[in-house]
Amino acid sequence: MAAGRVPPGALTLKQFLRRQQVLQLYRKILRAIREVPAEQDRRYLKDWAREEFRRNKDATEEDAIRIMITQGNMQLKELQRTLKLAKS
């Protein structure tokens with residue numbers, strides 16, 4: 001491969017950064033789920049998160065991906081708030 005040539009199928013910088021955001025959100029959600037006290041609830045939430053990310057893995061439209069990330073962050077914050085209230 002010649003210098004400066006991008007292999008076919010390679011991600012653009014913007015796509016790469018967006019992908020990193022999605023993976024970071026997924027990891028944060030899974031970490032928050034670990035704090036859920038009931039095993040059955042943990043399993044349900046983990047399956048839900050996995051299915052949501054799997055269902056949307058082929059999304060390519062930039063605006064749609066940005067909206068999904070925003071919604072995911074809001075859901076994560078809500079889960080964290082609920083867990084904090086449950087501990088107090």
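I take helices (H or I, at least four residues) and strands (E, at least two) as DSSP runs, numbered from the N terminus.

**Entry 1. Basis**

I am working on a predicted model, in which local features need pLDDT of at least 70 and side-chain atom pairs count only at pLDDT 80 or more, while totals for chains, interfaces and linings use all residues. Residues are numbered from 1 along each chain as its sequence is written, and side-chain values use heavy atoms, with hydrogens and water left out.

**Entry 2. The pocket**

I searched on a 1 Å grid over the protein atoms alone, where a pocket is an open set of points at which a 1.4 Å probe fits, with protein on both sides within 12 Å along at least five of seven lines; lining residues have an atom within 4 Å of a point. Grid points are joined across faces, edges and corners, and a volume is the space filled by probe spheres set on the points.

I found a volume of about 830 Å³ for the largest pocket. Its lining has 28 residues, and Val22, Phe53, Asn56, Lys57 and Ile65 are the closest to the centre.

Which helices each supply at least two residues of this lining? I noted α1 (13–33), α2 (39–55) and α3 (62–87). The largest share, eight residues, comes from α1.

I then sorted the lining by type, counting Ala, Val, Leu, Ile, Met, Phe, Trp, Tyr, Cys and Pro as nonpolar, Asp, Glu, Lys and Arg as charged, and the others, Gly among them, as polar. The lining holds 13 nonpolar, six polar and nine charged residues.

**Entry 3. The nonpolar core**

I use "buried" for under 20% relative accessible area, "exposed" for over 50% and "partly exposed" for values in between (1.4 Å probe, protein chains only). A nonpolar core is a set of buried Ala, Val, Leu, Ile, Met, Phe, Trp, Tyr and Cys residues joined through side-chain atoms within 4.5 Å.

The largest such core has 10 residues, namely Leu25, Ile29, Leu30, Ala32, Ile33, Val36, Ala49, Leu76, Leu79 and Leu83. Helices α1 and α3 each give at least two residues to this core, and α1 gives the largest share, five residues. In soluble globular proteins, nonpolar side chains tend to be buried together.

Leaving aside residues up to four places away in sequence, Leu76 touches Leu25, Lys28, Ile29 and Ala32.

**Entry 4. Salt bridges**

I counted a salt bridge where a side-chain nitrogen of Lys or Arg is within 4 Å of a carboxyl oxygen of Asp or Glu. The count by this rule is eight.

Asp47 is partly exposed at 41%, and Arg50 is partly exposed at 29%.

Arg66 is partly exposed at 38%, as is Asp63 at 42%.

Also in α3, Arg81 and Glu78 lie three residues apart, and their salt bridge has its closest N and O atoms 2.8 Å apart. Arg81 is partly exposed at 48%, and Glu78 is partly exposed at 41%. Which residues do salt bridges with shared partners join into one network? I found Glu39, Arg42 and Arg43.

Note on methods:
Contact means heavy atoms within 4.5 Å.
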